[in-house]
Amino acid sequence: MAKATKENVVKITDPESDEQSSVNSEPLQTLIIEDVKYKTRYNKKFTNRKLYEPKDPKKIISFIPGTIKKVYLSKGKRVKVGDKLLDLEAMKMVNTIFCEYNGTIADLYVKEGDQVPKNFLLAVYK
Amino acid sequence: MSLSSKSTDLKRRMQEALRGGGDKAIEKQKATGKMTARERIIALLDAKSFHEYDLFVEHAGRDFDMSDKYLPGDGVITGTGTINNYPVCIFAQDFTVAGGSLGYMHAKKITKIMDHAMKLKVPLIGINDSGGARIQEGVNSLAGYGEIFYRNTQASGVIPQISVILGPCAGGAVYSPALTDFVFVVDKISKMFITGPEVIKTVLGEEISMEELGGARVQAEVTGNVHFFAESEMECFEQIKKLFSFIPWNNMKKADPFPRKPPRVRQYNIEKIFPTNPRQPYDVKDLIRGIIDDSDFLEVQSQFAENIVIGFGRMNGYTIGFVANQPLVLAGVLDVDSSDKAARFIRYCDAFNIPLVTLVDLPGYLPGVDQEHAGVIRHGAKVLYAYSEATVPKITVITRKAYGGGYIAMCSSHLRADFVFAWPTAEIAVMGPEGAANIIFRNEIKDAENPDEMRKLKIKEYKEKFANPFVAAAYGYVDAVINPEETRDMVIHALQISADKKVDVPFKKHGIPPF
């Protein structure tokens, strides 16, 4: 059993237990590294981290915020790799979004003149 | 004209220049809670030690009706003085004069004092409080910034360069502090960003306030651009004076020694700090305070990447740089931010002849897709590079876990640490017993009648055989296994022996660290 002389020293009842204990009366979290559970605090960046989501190939999304200048698509249009899909004006330049997969466009969500943020859904494949 | 009338004329000119932007502008500055530039210099430097130069420099702008305007000192105050009797060169931008904007002569004043600091080999302090480039002077303002950045780089590693952000510092201007060694900010007063909120709103449509984008707190906690955070300007100046008591004033000197004092063992007793359960955390700062002189620890970047602790302390009266894993936050793992934080500090200490003491207690690197995609590989490599390259005395103390790549990165003997000590609680292994047992004894566990029991047995076996410092000591990777209470004496002795350490390095212009 460990005795504490200061407030911020860990108080443990059982040396081998994984029971929730606290430092500075702030409850500790669990972090698992290589199958071992450590009791520790998280920091803000770790708590707010974006969890990974695999890219959905059916979605065409904007990679930068900007204004839609020209749309080369329409619902039901067949596209192949290398085709121009949309022109997006951003950062004082015209950015063209090219086709990455062969397929047919199922739905189009923007028109010329729309202002879109980053990661906005522009169109979907069938 | 007699001498006395000339003196009177001089007095008049000086008073006009010393008024800065005038009473109205000064009132406005005070209303936002900021001190004036001269007040700041007087508060920071030793009493009566400041001597100002280039008071009568006038601006060079000729377009846009600039010829009619009188800008005292062109918006910046430069001079020399002392801090705790250390000579320093200092410049402070005056926000009351044309918003502290940088013009051709303003930059010339700054580069002049920077050249002085380089020649005289004394530290340079820059108090930034400026609206940015003076648009009326066009490309001359950019030229001014460029000249400053070049000198920041040339001076880097030769003289200590301190930046104090006591106002806005935006756009190109903010690169000068970024190139300096230590950046100080004050809550609600400092603002640092490359593109401001208005531009971000227009171009990207994202709305954010100046404080949330690049205020002092954000810079201290999130971006890691700054090293010291204060609640008030006076507190900031106290921090600067404290830092100066630790660092040498150029790279050919060592910091002045202080009288040796024992640590405050009643407050920071090493044996009481340590939990028995190796998976429970403790505050490594208490451990550091338990071994340094007078328990006087100056932590650097205390609010950024808290899973590693860096800072200055003294042992046997001499300044030492400390790098320690903090098990209290994220179990003390190394990740992108902590690697950056540690690597730059190690290089600073190496550049200025400050010995390094490393306290090791980490389970490895932080797993996660966000870490991998952020490039933890090349960031983690920075720590390895920095430790290997450093030729100052390097002492390592392994207190608990040191698994895998983390063991190597935290100044192991392979990266040419001079002395590596380990406590009896140290576990130097490829990985923790649980992880290792799962891999090595996978078949035995699978084929056993009771897999859980077999797992527990194998973990116990591995723990007894490998989770200790003696396997590493058997190969000489650990120089001595010591008791915790012997740490201070062993480290001080090692530092005394290494005082005149000299290593030969192969000739190269410079290496290529993974920036």
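**A tour of chains B and A**

Start in chain B of this predicted model by selecting L10(B), M14(B), L18(B) and F56(B), which together make a nonpolar surface patch of about 340 Å². Keep M14(B) selected: this residue is found in helix α1 of chain B, residues 3-18. M14(B) has a relative accessible area of 33% and is therefore partly exposed, since that class lies between 20% and 50%.

Next, select helix α3 of chain B, residues 37-44. The buried residues in this helix are A37(B), R40(B), I41(B), A43(B) and L44(B). Turn the view to look down the axis of α3(B): the buried residues fall within an arc of 165 degrees, so they line one face of the helix.

- the helices α2 (23-31) and α10 (233-246);
- the strands β2 (76-83), β3 (86-93) and β4 (124-128).

Now move to strand β12 of chain B, residues 318-325. Seven of its eight residues are buried, so the strand is largely enclosed by the rest of the structure. Two pairings of β12(B) can be traced here.

Show strand β11 of chain B, residues 308-315, beside β12(B); the two pair in the antiparallel sense over eight bridges. To find one of the bridges, select R314(B), whose partner in β12(B) is T319(B). Two residues lie between the strands of this hairpin, and N316(B) takes a positive phi near 60 degrees there.

Then show strand β13 of chain B, residues 356-362. Its pairing with β12(B) is parallel and runs over four bridges. For a bridge to look at, select G321(B) and its partner in β13(B), L356(B).

The next stop in chain B is Q219(B), in helix α9, residues 216-223. Is Q219(B) buried or exposed? Its relative accessibility is 3%, so Q219(B) counts as buried. Leaving aside residues up to four places away in sequence, select what Q219(B) touches: M192(B), G214(B), G224(B), N225(B) and V226(B).

Finally, switch to chain A and colour it by secondary structure. Chain A has one helix and twelve strands. Followed from the N terminus, the elements run β-β-β-β-α-β-β-β-β-β-β-β-β. Of the 126 residues in chain A, 33% are buried. Among contacts in this chain between residues at least 6 apart in sequence, 43% join residues at least 24 apart.

Notes:
Residues are numbered from 1 along each chain as its sequence is written. Chains are lettered from A and ligands numbered from 1 in the order in which they are written. This is a predicted model: local features need pLDDT of at least 70, side-chain atom pairs count only at pLDDT 80 or more; totals for chains, interfaces and linings use all residues. Side-chain values use heavy atoms; hydrogens and water are left out. Patches are made of residues with over 30% relative accessible area and no salt bridge: like charges are joined within 9 Å, nonpolar side chains (Val, Leu, Ile, Met, Phe, Trp, Tyr) within 5 Å. Accessible areas come from the Shrake-Rupley method with a 1.4 Å probe; for residues, only the protein chains shown count as cover. A salt bridge is a side-chain nitrogen of Lys or Arg within 4 Å of a carboxyl oxygen of Asp or Glu. Buried means under 20% relative accessible area, exposed over 50%, partly exposed in between (1.4 Å probe, protein chains only). The arc is that of the directions from the helix axis to the C-beta atoms. Contact means heavy atoms within 4.5 Å. Two strands pair if DSSP finds at least two bridges between them.
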